[in-house]
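Hi,

Here is the model I promised to pass on. Have a look at it first, and my notes follow below.

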Amino acid sequence: MRPTVVFTCSVLFYNLEIVHSRGDDGKQEWPIPYRRFDCRPAADSYCEAMFPFCPTGDRDGRIPYMNNWDVISVFRLQAPVWEFKYGSLLGKMHIMHDAIGFSSAETGRNYTMEWYELFQLGNCTFPHLRRETNNPFWCNQGAACFFEGIDDIHWSENGTLEKVGEISGGQFNEMALWVQEDNQTGIYYETWTVRSDPGPNATVWFDSYDCSQFVHRTYRYLTQQRAKLSSRFQTNYTKIYLYSGEPTYLGDDDSIFREPSAKTLAEDIRKFYHPFRPHQSYMDFVLSLAEAYQKVVEEKSFYLYYNFEYWHLPMKSPYVQITYEEVPLP
């Protein structure tokens with residue numbers, strides 16, 4: 001058996017120095033790189049999942065070792081988000097979840113590998129506002145999940161289950177080690193892709209880090225290992241966009257919520273996130289929608305949390321958009 005894929009540690013180590021790349025002219029370079037970490041922390045006990053993370057996966061997150069001569073089929077998997085609860089409903093809005101399947105010719109066993117939120121999408125997109133803390137509290141970890149079996153009906157009924165290639169057992173084992181490293185250093189989920197406009201020459205300010213991005217990274221890794229991947233169909237993926245002018249860096253928790261001089265900014269950020277709080281009644285939710293519309297559309301303002309830092313987005317039309325666009329296999 002290979003070492004664990006999902007890691008935890010008691011202390012999170014990362015470089016506290018804020019490094020934002022700038023060109024020779026001194027201007028900010030975009031998009032802002034996703035920050036990787038040295039170790040994955042244990043999840044805070046305050047964070048609770050409506051549905052347990054990776055319930056049928058190995059308790060220690062292990063990926064099985066394959067014989068080098070084995071032939072492993074690779075499958076592209078896609079299904080509507082929360083298909084188990086809402087059926088094809090979210091699929092009709094092109095809100096899809098992506099994963100990768102594997103099948104061993106030697107053993108006949110099938111496996112599913114995916115990357116998703118530990119505490120559901122809402123917790124990764126917006127924070128909790130706790131009375132005992134000044135700063136918004138985020139439950140935004142995401143991680144890889146590997147488990148035996150491929151649920152054929154789940155993936156094929158309202159989505160995609162398609163063989164896209166074959167790799168050797170040796171290539172699979174190398175991929176397992178890469179997943180280990182990728183998962184240990186990429187620890188948080190990011191819902192939004194932020195762009196300057198919907199046009200083809202738009203500037204990307206921030207990129208998402210979600211289930212489809214994990215699938216893309218894995219496909220790229222496999223092709224770097226000389227795997228041949230191809231699809232008979234157009235390979236589309238869900239993207240959730242925010243549109244804004246050039247973002248302004250604001251600071252992190254310490255510089256905003258623990259500095260008296262930033263009290264007004266701290267209050268503005270908390271007020272912004274208030275309409276997006278979880279566990280609202282139906283009436284509160286309706287009122288919150290109106291409040292969110294006022295902030296994002298009428299006031300053209302959005303506070304983005306990225307790399308554990310806050311940015312202000314000067315929003316512009318069309319503000320928010322969900323697309324289902326082609327990303328070819330590498």
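Which helix does Y282 lie in? Y282 belongs to helix α9, residues 282-298 (helices are DSSP runs of H or I with at least four residues, strands are E runs of at least two, and both are numbered from the N terminus).

Before going on, a word on the ground rules. This is a predicted model, in which local features need pLDDT of at least 70 and side-chain atom pairs count only at pLDDT 80 or more, while totals for chains, interfaces and linings use all residues. Residues are numbered from 1 along each chain as its sequence is written, and side-chain values use heavy atoms, with hydrogens and water left out.

Back to Y282: with 66% relative accessibility, this residue counts as exposed (that label means over 50% relative accessible area, buried means under 20%, and partly exposed is in between, with a 1.4 Å probe and protein chains only).

Now the salt bridges. The count comes to ten, taking a side-chain nitrogen of Lys or Arg within 4 Å of a carboxyl oxygen of Asp or Glu.

- E309 pairs with R35, their closest N and O atoms 3.0 Å apart. This links distant parts of the chain, 274 residues apart: E309 sits in strand β12 (309-326) and R35 in the segment before β1 (71-80). Both E309 and R35 are buried.
- E148 pairs with R109, with 3.7 Å between the closest N and O atoms. E148 is in strand β4 (142-148) and R109 in the loop between β2 (96-104) and β3 (110-117), so the bridge ties together parts 39 residues apart in sequence. E148 is partly exposed at 47% relative accessible area, and R109 is partly exposed at 46%.
- D182 meets R217 at 3.0 Å, N to O. The two are 35 residues apart, D182 in helix α5 (169-185) and R217 in helix α6 (211-224). D182 is buried, with a relative accessible area of 5%, and R217 is buried at 12%. Shared partners join R36, D182 and R217 into one salt-bridge network.

Cheers
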